[in-house]
Amino acid sequence: MKQFIIASALVMATACSQATQTITENEVERATKVAAPDAGAQAFPTDLRRTSLIVSDMDESLKLYRDVLGFEVNYDTEVTMSGVALPAGEPGATARLVLLSSNDSWVGWIGLLQWLDPVLPTPEPRRRMGVGDAILVFNTENVDEHCDAAAALPGIYMTMPASNTTYPARAGGDPIVVRTCYLFDRDGYFMELNKVLDRDNYNRDGSAE
């Protein structure tokens with residue numbers, strides 16, 4: 001945790017000192033690195049570190065990811081996009097990049113990226129999903145409160161309000177009961193906000209106690 005706090009402070013200091021400048025995509029990766037966990041101590045060789053979302057209006061998106069879900073902004077700056085490494089927009093376009101973290105200093109981050117000049121076209125509101133789409137799953141202890149708060153935001157489309165869903169049991173265990181709601185955010189990203197109601201009966205790896 002100390003390493004994360006120090007890294008975050010350095011990142012914010014860098015962002016402030018370069019407020020009138022732009023940085024490249026490679027420089028973003030260097031500037032936002034935090035101390036990685038010991039690879040030898042990890043159970044698996046790969047972490048799902050961050051999911052980055054292209055958004056149409058950063059300030060509106062932050063109302064959901066920061067204000068409702070409680071993610072913490074630890075990086076906010078302007079970047080110059082190549083249009084090649086990340087194949088979107090035009091080469092040399094400027095974009096605003098915001099990185100948000102949750103409970104872990106290394107994994108579970110959300111990146112929000114808004115093209116500023118020139119802007120990207122805004123698609124039609126999403127109501128259905130298909131092949132190639134992703135489902136974001138967020139666990140929260142305040143699931144009903146967060147579902148209600150999300151539903152009240154402009155552009156949010158709820159497909160189901162908070163309710164209980166029961167999943168089949170793991171081998172030798174009891175059925176798994178989850179309190180969850182389902183929604184599209186203002187840019188069409190689909191997500192579940194949920195809480196495993198019997199989570200105390202499971203180990204961190206998902207096995208029954």
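Predicted model: local features only at pLDDT ≥ 70, side-chain atom pairs only at ≥ 80, totals over all residues.
## A left-handed disulfide

The link between Cys147 and Cys181 is left-handed, with -95 degrees about the S-S bond.

The structure holds 1 disulfide. Is Cys147 buried or exposed, and what about Cys181? Both Cys147 and Cys181 are buried.

## Two sides of helix 4

Let's follow Cys147 into its helix. Helix 4 covers residues 143-151, and its buried residues are Val143, His146, Cys147 and Ala150. Seen down the axis of helix 4, these buried residues fall within an arc of 100 degrees, so they line one face of the helix.

Which exposed residues does the face turned away from the buried side of helix 4 carry? They are Glu145 and Asp148. On the buried side, the cover includes helix 3 (58-68), strand 7 (157-167), strand 8 (176-184) and strand 9 (190-196).

Now turn to strand 5, residues 109-117. This strand is mostly covered, with 7 of its 9 residues buried.

Strand 5 pairs with strand 2 (residues 50-54) in the parallel sense, over 5 bridges. To find this pairing in the structure, look for Arg50, whose bridge partner in strand 5 is Trp109. Strand 5 also pairs with strand 4 (residues 94-101), in the antiparallel sense and over 7 bridges. Here Thr94 stands opposite Asp117 of strand 5.

In soluble globular proteins, nonpolar side chains tend to be buried together. The largest nonpolar core in this model has 24 residues, and the ones that touch the most other members are Leu64, Tyr65, Leu69, Leu112, Phe138, Met191 and Leu193. Two or more residues each come from helix 3, strand 4, strand 5, strand 6 (135-139), helix 4, strand 8 and strand 9. Which element gives the largest share of this core? It is helix 3, with 5 residues.

Leaving aside residues up to four places away in sequence, Leu69 touches Leu64, Phe138, His146 and Leu193. Apart from this core lies another one, of 11 residues, including Val79, Met81, Ala93 and Ala95.

Definitions and conventions. Residues numbered from 1 in each chain as written. Heavy atoms only, no water. Buried < 20%, exposed > 50% of the residue type's maximum accessible area, 1.4 Å probe, protein only. Helix = DSSP H or I, 4+ residues; strand = E, 2+ residues; numbered from the N terminus. Arc of directions from axis to C-beta. Contact = heavy atoms within 4.5 Å. Disulfide = S-S within 2.5 Å. Pairing = 2+ DSSP bridges. Core = buried A, V, L, I, M, F, W, Y, C linked by side-chain atoms within 4.5 Å.
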